[in-house]
Amino acid sequence: MHILILAQRVPFPPNKGEKLRTFHQLEYLNRQGFTISLMAPYEDENELVYFDQLKKQYCEHVTTYKLNPKFLSLPVGFIKNQPLSVANFYHKALQNKLDALISEITFDTILCSASSLAEYVFCSSSLSKLKKKPRLIMDFMDLDSDKWRQYAEKSSFPMSYIYSREQKLLSQFEKKIADTFDDCFFITQAEIDLFKQVHSGLNNIHAIENGLDRTMFFPPENNRQVNQPIFLFAGVMDYPPNIDAVTWFVSNIWQDILKAWPEAKFFIAGMNPTEKIQQLTKHKGIEVTGFVEDIKPYFDQANIFVAPFRIARGVQNKILQAFACGLPVVATSMGAEGVRYHADEDILLADTPREYIEKISLLMRDKELYDKLSKNALDNIKNNYSWDSKLAPLKRLVAPAN
């Protein structure tokens, strides 16, 4: 069987959420004996080497084209009354390449890695001419329309209007996808339930969770010291939910932490920190790393991982990474929403500044609890988060038994 994967970005290296998930899908399907072709746009010529690596190791064909700058693509979305996320990832030249590819190669399945990629399917002239249509599979990942709703609620005009517009149009687009594609899936059942509250009567929506690569994330060789808290947050630092989480933590909790532990440290590790994030280094004890080649040493030196999300959808891979490193996690309920957990057994939940201080204080003074959380989180990963087990349903969707 030949599968064409349409991705928003080149899914390599697997160093951020969407790329990580799509890479493991691609790698898994390749190992299962499927022939894989990949189509994805790029924004920077430095990404081209990653397409070459994927072609050498996993893909029969790789197709790409450089996206237009956002200042050109987004106004088109407004004029066409499109979701801006759809307009941002669409390019007519890449559409032409896709149609040429579909005319030349018989694909059994087309797998889209995000809702925005469905536009290439809807606008394809070649697909409509095929006698035997390929199966259409959509990985929504997260319910993006609800993410924009959350942005709108936390923003003032004019951004609240832009976000509300995006939520409305994207919700309609998501429904069109669900009505057209053979099967669709989200990362968590919670996302499905939320989707079905808005769009009822659909029976082609499934959950395929994320896994965790335990060859990349594992406990440090030496036991962690907990005499002073060393906090870690890891993620792409121009992503609004990450920005909101970190700035809320610093604004509402950090000064109280310094009063209790004057030598406390907080590492904010991740690429593309905005000016707002970089400004946090004016506070004592806070370091913003920017891009790092290897994130693992930061998980090793930290002794508490914080996930203070107030805007979120789906699973937070960074929490799974902390679990795999045996690093105790203090998260908001929303941050932990997509993760399998038992509160107070493998994770601590805190939704207010006072609760955060209480849970951190508890960890710092109760070594038995600290060790229990570390061990249970690691066991959670071992028992529940292998990529092969998580992706087994994907194999059934792309190649259902006759």
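Me: How many aromatic pairs does the structure hold?
Reply: This is a predicted model, where local features need pLDDT of at least 70 and side-chain atom pairs count only at pLDDT 80 or more, while totals for chains, interfaces and linings use all residues. Residues are numbered from 1 along each chain as its sequence is written, and side-chain values use heavy atoms, leaving out hydrogens and water. Rings of Phe, Tyr and Trp (its six-membered ring) pair if their centres lie within 6.5 Å; planes under 30 degrees apart count as stacked, over 60 as edge-to-face and the rest as tilted. The number of aromatic pairs here is 25.

Me: Are the planes of Phe233 and Phe309 stacked, tilted or edge-to-face?
Reply: The ring centres of Phe233 and Phe309 are 5.7 Å apart. Their planes stand at 50 degrees, so the pair is tilted.

Me: How many residues apart are Phe233 and Phe309?
Reply: Helices (H or I, at least four residues) and strands (E, at least two) are DSSP runs, numbered from the N terminus. Phe233 belongs to strand S8 (residues 230-234), and Phe309 to the loop between strand S11 (304-307) and helix H13 (317-324).

Me: Which kind of pair do Phe249 and Tyr356 form?
Reply: Their rings are 5.7 Å apart, centre to centre. With 75 degrees between the planes, the pair is edge-to-face.

Me: How far apart in sequence are the parts that this pair ties together?
Reply: Phe249 lies in helix H10 (residues 240-260), whereas Tyr356 lies in helix H14 (residues 353-365). The pair thus ties together parts whose separation in sequence is 107 residues.

Me: Is Phe249 buried or exposed?
Reply: Buried means under 20% relative accessible area, exposed over 50%, and partly exposed in between (1.4 Å probe, protein chains only). Phe249 has a relative accessible area of 0%, so Phe249 is buried.

Me: How many bridges join strand S1 to strand S2?
Reply: Strand S1 (residues 2-6) and strand S2 (residues 35-39) run parallel, and His2 stands opposite Thr35 in S2. The number of bridges joining the two strands is 5.

How values were computed: Pairing = 2+ DSSP bridges.
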